[in-house]
Amino acid sequence: MNGEQALAFGLVGAVVALLVWDRMRYDVVALLALVAAVLLGLVPPGEAFTGFADDIVIIIGSALVVSAGIARSGVVDALVRPVAGLLTTPTRQIAFLAGAVGVLSALMKNIGALAIFLPVAAQLARRHRTGSHHVLMPMAFASLLGGLMTLIGTSPNIIVSRLREEITGEPFAMFDYLPVGAGLMLAGWAFLLVGWRLLPKERLGTRPPEESFAVEDYVSEVLLPPGSSFVGRTVADLERLAEGEAEVSGLIRERFRRYVPAKDWPLQDDDVVVLRGDAPALQKIIRSAGLLPVGAPKEARAAAALPVYEAVVLADSPLVGQTARRAELGRRRGVNLLAVSRRGAEVDRRLQHFVFKDGDLLLFQLSPGASPDAVAEAGLLPLAERNLQIGRRRPAWLPVTIVAAAMLVLAFQLLPVAITFLAAALAMVISGVLKPEEAERAIEWPILILVGALIPVSATLQTTGGTELAAVWLAQVAQGLPPIACVTLIMAAAMAVTPFLNNAATVLVMAPIGAGLARELGLSPDPFLMAVAVGAGSDFLTPVGHQCNTMVMAPGGYRFADYPRLGVPLSLLILTLGTWLIVTVWPLSG
């Protein structure tokens, strides 16, 4: 080992150590490593930022935007609603949710697929009192397994494909991963249906941010517009949309007459429906039935939905003692009241006549063009911007059509992956599915920084000859082992590294080593590259190696030691079955 190789291995080792130490953000660690590589002379200054120009950065960022568009469409909730009543046990919930997440992860970024179904899992656990900690980790693991099935399912597959093109002149295609990935997904899914019992029986997870201040007695007034499909249907039909989490507490007709309706009352044109429930349940009824918030401005009703904010009325607020009408919240301040809540008290007045007190909780929208200081001037303390949209929205088929079109383009290889996903992300914004600021919030910028910064850092192992040296070491270890055991060795090495190094960085380090080992042994590089992709994408041992595992840690109330309880047997299953599938589909002799 020469000096440059020692520096390259030392730098990569320091990156791993800092990530395990977990006292610094991983994107900061990556940038420090990049600067260190330049100062040590391992990366020329002119090539320091080449990683940020890599297609991988565009693909990952665009995939997250596409995922956000699907999540905001409401199509997932519509698909789940018919079967929600059947998902009464953790096993049934895992069968449906883990299967759905796994399949969807094959078609989009796995973290995006998981994010779409997390609210559904929380809702089912709350409705059936089953405990979300039984379901969330299996869902996270299923998202990783599903990502193994296609080129775009997870970033390691994309990186391995690019490295194969550099080695053989031809990249892996969109569905080259499917035979191995589908087999592992099915086997892993079957294991999770039983293996969830290895998790602790009791865990108390944190509530998601949008529910941090949720209450059960928000009151909202919405208008049933002429031509609505619910005109002539009953109050019970409308309440059924919320699945028992909200109720119709009143109907206002003839401008001021308020009625307490029976369940069989038919709804009429221009009824003002008084709804009572938590904010997600209100959203579900309003959006599904096409109702219009009485307090929202006309331009907000006709346009794409505005974000919904939650705030508490402060003691020194000028609103205290005032009504919404007298304070002219909408006209003067651009704060359009949607719903109110007061702990320990019934809200029995019209929203415009509700007298504010300190401590009241409000749901509201800001009119387009409203002053950024409007909320502060009204003496309101914002608690959270809810992931809700009340009002009209773009048709659910629009984001689904965009994703379907992107999948067809990729399937027939009409355009490169990066261009296809960038076009799909732009289509989400241009069509109005997402606003530009929503698309920006959907992108995990630290992940893009991590990947862009570590691409040239990990390349130092190759440029200094370190990967060839590591391949020689592994070849010495593999002496006397059958070729299939060498594939297992590479997969196990990738599995061992990926919990402590980002999976994309793991591939950048391990794929050249695997290809070098294949060359040393006179074997085809394809099974070794596939083994690296599977190993790097199978991080089931810690909460820190993959975002999907990290995402469920707080909501599920998991501890670090909970992950190996389910992850170790699953990893052994993937290691044994994965090796057999790889050498069966991709022969060792090239």
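Biologist: What makes Arg350 and Glu221 a salt bridge?
Modeller: Their closest N and O atoms are 3.0 Å apart. A salt bridge needs a side-chain nitrogen of Lys or Arg within 4 Å of a carboxyl oxygen of Asp or Glu, so 3.0 Å passes and the pair counts.

Biologist: Why can we say that this pair ties together separate parts of the chain?
Modeller: Arg350 sits in the loop between β7 (335-341) and β8 (361-366), while Glu221 belongs to strand β1 (residues 218-223), so the bridge joins parts that are 129 residues apart in sequence. Helices (H or I, at least four residues) and strands (E, at least two) are DSSP runs, numbered from the N terminus.

Biologist: By the way, what am I looking at?
Modeller: It's a predicted model, where local features need pLDDT of at least 70, side-chain atom pairs count only at pLDDT 80 or more, and totals for chains, interfaces and linings use all residues. Residues are numbered from 1 along each chain as its sequence is written, and side-chain values use heavy atoms, with hydrogens and water left out.

Biologist: Back to the pair: why is Glu221 called buried or exposed?
Modeller: Its relative accessible area is 4%. Buried means under 20%, exposed over 50%, partly exposed in between (1.4 Å probe, protein chains only), so Glu221 is buried. Arg350 comes out at 25%, so it's partly exposed.

Biologist: What makes Arg164 and Asp526 a salt bridge?
Modeller: The closest N and O atoms are 2.9 Å apart, which is inside the limit, so the pair qualifies. Arg164 lies in helix α8 and Asp526 in helix α23 (residues 525-536), so this bridge ties together parts 362 residues apart in sequence. Arg164 and Asp526 are buried.

Biologist: How do you know that Arg162 and Glu166 are about one turn of the helix apart?
Modeller: Both are in helix α8, and they're 4 residues apart. Arg162 has a relative accessible area of 24%, so it's partly exposed. The structure holds 8 salt bridges.

Biologist: And Thr420: why is it called buried?
Modeller: Its relative accessibility is 4%, so it falls below the cut-off and counts as buried. Thr420 is found in helix α17 (residues 417-430).

Biologist: Which residues is Thr420 in contact with, leaving aside its neighbours within four places in sequence?
Modeller: Those are Ala406, Val409, Leu410 and Leu415, with contact meaning heavy atoms within 4.5 Å.
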